[in-house]
Amino acid sequence: MPDDGATDSLWPVWLQDPRVQWALEWADHVRQWNENSLYGLELAGRLSDHMSAVAFAVVHEHQASAALLIKHGLLGSAAALMRPAFEAFVRGIWLQWADNQELAYFQKGHDTATPDKIIRKVVKRSGVQRYADLLDTWHQSEKAMHGFVHHGYQSLIRRSGEIDNPPEEVADLLGFSTSMALHASLEILELAEKRVPASEVETRPQFVAAKQLEIVAMLRAIGLVQVPGEAAPAPATFASEPSS
């Protein structure tokens, strides 16, 4: 909602929609939870693991920024953050499985492989099958994310007055961003469980388990976790087409 004295009539109609307001409330809740629960968490490990946690923190920053931009009606800029948020997440998991030669190459400022190739490499090296789900997210969302970063037709048509921005599309954007932030939080907790400082050997496992349950509860609340007996939710994607 406008907080600078502007009248509601000057604000986008979609911002008043209950679905968008609900998504914004959850975005704020997740942002605050991340700050209160994870920031300042100590990791005892190699530099690449610390850099991995930094990459996940960038996902958090993009999520917080997207919500703030949407609150101020700046939807185009918020949409442009979806691809860098996804790529920061992929970079975060890659840093945990990159070999020394790859890390040295990265430290010199060179580009790494595309997200598709990075994900496949991580799945092969780690054996963690949940990372394979990222391929579906990438394949379904790549075109839309790329278009909003580089202001292709789908980005510009939404600013032209030719079509409206559907509220459900704005809510989906927020849901995608919030989902990425929560999954980044899960990755941070896995790192925290592996890289425990000596002073927290006894308390860290309980802390991690409790926070993981809280994240699962949040993912369930926003419809992104399957519960036994319930239909499986669709994977979070960011793929939009203009309304007719």
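## Helices and the overall chain

Helices (H or I, at least four residues) and strands (E, at least two) are DSSP runs, numbered from the N terminus. The structure described here is a predicted model, in which local features need pLDDT of at least 70 and side-chain atom pairs count only at pLDDT 80 or more, while totals for chains, interfaces and linings use all residues. Residues are numbered from 1 along each chain as its sequence is written, and side-chain values use heavy atoms, with hydrogens and water left out.

The protein chain contains ten helices and zero strands. Read from the N terminus, its elements follow the order α-α-α-α-α-α-α-α-α-α. Of its 244 residues, 44% count as buried; buried means under 20% relative accessible area, exposed means over 50%, and partly exposed lies in between (1.4 Å probe, protein chains only). The chain exposes about 12,900 Å², of which carbon and sulfur atoms supply 54%; accessible areas come from the Shrake-Rupley method with a 1.4 Å probe, and for residues only the protein chains shown count as cover. A contact means heavy atoms within 4.5 Å. Among contacts in the protein chain with a separation of 6 or more, 73% are between residues 24 or more positions apart.

## Helix α2

Helix α2 covers residues 47-71, which is 25 residues. From its first C-alpha to its last it reaches 36 Å, close to the 36 Å expected at 1.5 Å a residue; the expected span is 1.5 Å times one less than the number of residues. Gly73 follows α2 and has a positive phi, near 80 degrees.

## Salt bridges within and between helices

The structure holds 15 salt bridges, a salt bridge being a side-chain nitrogen of Lys or Arg within 4 Å of a carboxyl oxygen of Asp or Glu. One of them joins the side chains of Lys121 and Glu102, at 3.0 Å from N to O. This pair links distant parts of the chain, since Lys121 belongs to helix α6 (residues 115-126) and Glu102 to helix α5, 19 residues apart. Lys121 has a relative accessible area of 30% and is therefore partly exposed.

Arg120 is partly exposed because its relative accessible area is 44%, whereas Asp116 is buried at 17%. Arg204 and Glu200 also form a salt bridge, with their closest N and O atoms 2.9 Å apart. Here Arg204 is buried, with a relative accessible area of 1%, and Glu200 is partly exposed, with 23%.

## The surroundings of Glu102

Glu102 is located in helix α5. Its relative accessible area is 16%, so Glu102 counts as buried. Leaving out residues up to four places away in sequence, Glu102 touches Trp94, Lys121 and Arg125. The side chains of Glu102 and Arg125 are joined by a polar contact of 2.7 Å; a polar contact is a pair of N or O atoms within 3.5 Å, where, within protein, one must be able to donate a hydrogen and the other to accept it, and residues adjacent in sequence count only if both atoms are side-chain atoms.

Glu102 is also part of a network of salt bridges that links Asp99, Glu102, Lys121 and Arg125. The C-alpha atoms of Glu102 and Thr112, ten residues apart along the chain, are separated by 8.2 Å.

## Aromatic pairs

A pair of aromatic rings is described by the distance of the centres and the angle of the planes. Rings of Phe, Tyr and Trp (its six-membered ring) pair if their centres lie within 6.5 Å; planes under 30 degrees apart count as stacked, over 60 as edge-to-face and the rest as tilted. A search of the whole structure finds four aromatic pairs. In one of them, the ring centres of Trp22 and Trp26 are 6.4 Å apart and the planes stand at 65 degrees, so the pair is edge-to-face. Trp22 and Trp26 both belong to helix α1 (residues 18-37), four residues apart, about one turn of the helix. Trp22 is partly exposed, at 42% relative accessibility.

Trp94 and Phe106 form another edge-to-face pair, with 5.4 Å from centre to centre and 80 degrees between the planes. This pair links distant parts of the chain: Trp94 lies in helix α4 (residues 82-95) and Phe106 in helix α5 (residues 100-107), twelve residues apart. Trp94 is buried at 3% relative accessibility, while Phe106 is partly exposed at 23%.
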